[in-house]
Amino acid sequence: VIKKIGSDKQSNEKVVYLTFDDGPSENTKKIMDILAKYDAKATFFVTGRNQDYNYLIKDAYNAGHTIALHTYSHEYSTVYASVDAYFDDLNKVGQMVKKEIGFVPHYIRFPGGSSNTVSRRYCQGIMSTLTKEVVEKGYQYYDWNGDSTDASGNNVPVSKLIANATSSKANNINILFHDTK
């Protein structure tokens with residue numbers, strides 16, 4: 001993740017951002033080993049759901065990866081119940097991460113993305129409010145414009161994951177992967 005300065009204009013240079021949601025998990029170490037093999041860095045959007053693996057947050061950070069917040073519970077009904085509920089959940093994951101790396105990251109990803117439609121089931125119009133308020137509170141949120149579709153089910157063929165992850169024609173590609181089974 002590169003801090004946005006000024007505008008949202010994309011560069012003409014081809015840049016691919018590897019992002020992993022929903023960790024840490026039993027897969028985090030494997031992912032980091034693959035990234036190290038290719039001298040690649042990624043952003044890990046973490047939750048509080050698998051705390052037995054929280055030590056890997058610090059390991060990823062120490063290896064030069066970006067740690068970002070995804071929410072503590074990742075439960076739509078909890079996270080999107082109200083604006084206050086969202087920020088309570090975000091603050092909780094922030095404090096959890098602070099225990100591992102010494103600070104609260106200000107890069108975030110909304111569960112389902114900033115334009116998700118699921119949230120309206122719990123609180124009509126919440127995303128319009130949240131996208132403004134997170135910025136006002138100093139956070140920067142990131143969606144994706146490439147999706148590996150690794151969360152579409154178990155045993156997705158590797159060839160399909162590769163085809164999906166490499167299908168974007170954009171110069172700046174933010175690919176969504178998941179750090180869970």
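Biologist: Which side chain of opposite charge is nearest to aspartate 89, and how far away is it?

Modeller: In this predicted model, aspartate 89 is buried yet has no salt bridge. A salt bridge needs the nitrogen and the carboxyl oxygen within 4 Å. The nearest side chain of opposite charge is 6.5 Å away, and it belongs to lysine 92.

Biologist: What does the side chain of aspartate 89 reach?

Modeller: Aspartate 89 lies in helix 4, residues 83-101. Beyond its neighbours within four places in sequence, its contacts include Thr71, Ser73, His74, Thr78 and Val79. At 2.6 Å, its side chain reaches a backbone nitrogen, that of tyrosine 72.

Biologist: How many salt bridges are there?

Modeller: One joins lysine 29 and aspartate 33, at 2.7 Å from N to O. Another joins arginine 109 and aspartate 21, with the closest N and O atoms 2.7 Å apart. The count comes to two.

Biologist: How far apart in sequence are the parts that the pair of arginine 109 and aspartate 21 ties together?

Modeller: Arginine 109 is buried, at 0% relative accessibility. Aspartate 21 is buried too, at 3%. Arginine 109 sits in the loop between strand 4 (107-108) and helix 5, while aspartate 21 is in strand 1 (residues 15-23), so the parts tied together are apart in sequence by 88 residues.

Biologist: Are lysine 29 and aspartate 33 buried or partly exposed?

Modeller: Both lie in helix 1, four residues apart, about one turn of the helix. Lysine 29 has 44% relative accessibility. Aspartate 33 has 40%. Buried would mean under 20%, so both count as partly exposed.

Biologist: Where do the buried residues of helix 2 lie around the axis?

Modeller: Helix 2 spans residues 55-62, and Leu56, Ile57 and Ala60 are buried there. Around the axis they cover an arc of only 110 degrees, which puts them on the same side of helix 2.

Biologist: What covers the buried residues of helix 2?

Modeller: Just after this helix, glycine 64 takes a positive phi of about 95 degrees. The cover over the buried residues includes two strands, strand 2 (43-46) and strand 3 (66-69). It also includes helix 1 (28-37) and helix 4.

Biologist: Which element supplies the largest share of the largest nonpolar core?

Modeller: This core has 34 residues, and Phe44, Tyr86 and Leu130 touch the most other members. At least two residues each come from helix 1, strand 2, helix 2, strand 3, helix 4, helix 5 (126-136) and strand 7 (172-178). The largest share is eight residues, from helix 4.

Biologist: Which residues does leucine 130 touch, not counting those up to four places away in sequence?

Modeller: Leucine 130 is among the core members that touch the most others. Its contacts are Tyr80, Val83, Tyr86, Phe87 and Phe110.

Biologist: What is the relative accessible area of histidine 178?

Modeller: Histidine 178 is found in strand 7. Leaving out residues up to four places away in sequence, it touches Phe20, Asp21, Asp22, Asp150 and Ala151. Histidine 178 counts as buried because the limit is under 20% and its relative accessible area is 18%.

Terms used. Residues numbered from 1 in each chain as written. Predicted model: local features only at pLDDT ≥ 70, side-chain atom pairs only at ≥ 80, totals over all residues. Heavy atoms only, no water. Buried < 20%, exposed > 50% of the residue type's maximum accessible area, 1.4 Å probe, protein only. Lys, Arg positive; Asp, Glu negative; His and termini not counted. Polar contact = N/O pair within 3.5 Å; in protein donor to acceptor, adjacent residues only side chain to side chain. Contact = heavy atoms within 4.5 Å. Arc of directions from axis to C-beta. Core = buried A, V, L, I, M, F, W, Y, C linked by side-chain atoms within 4.5 Å.
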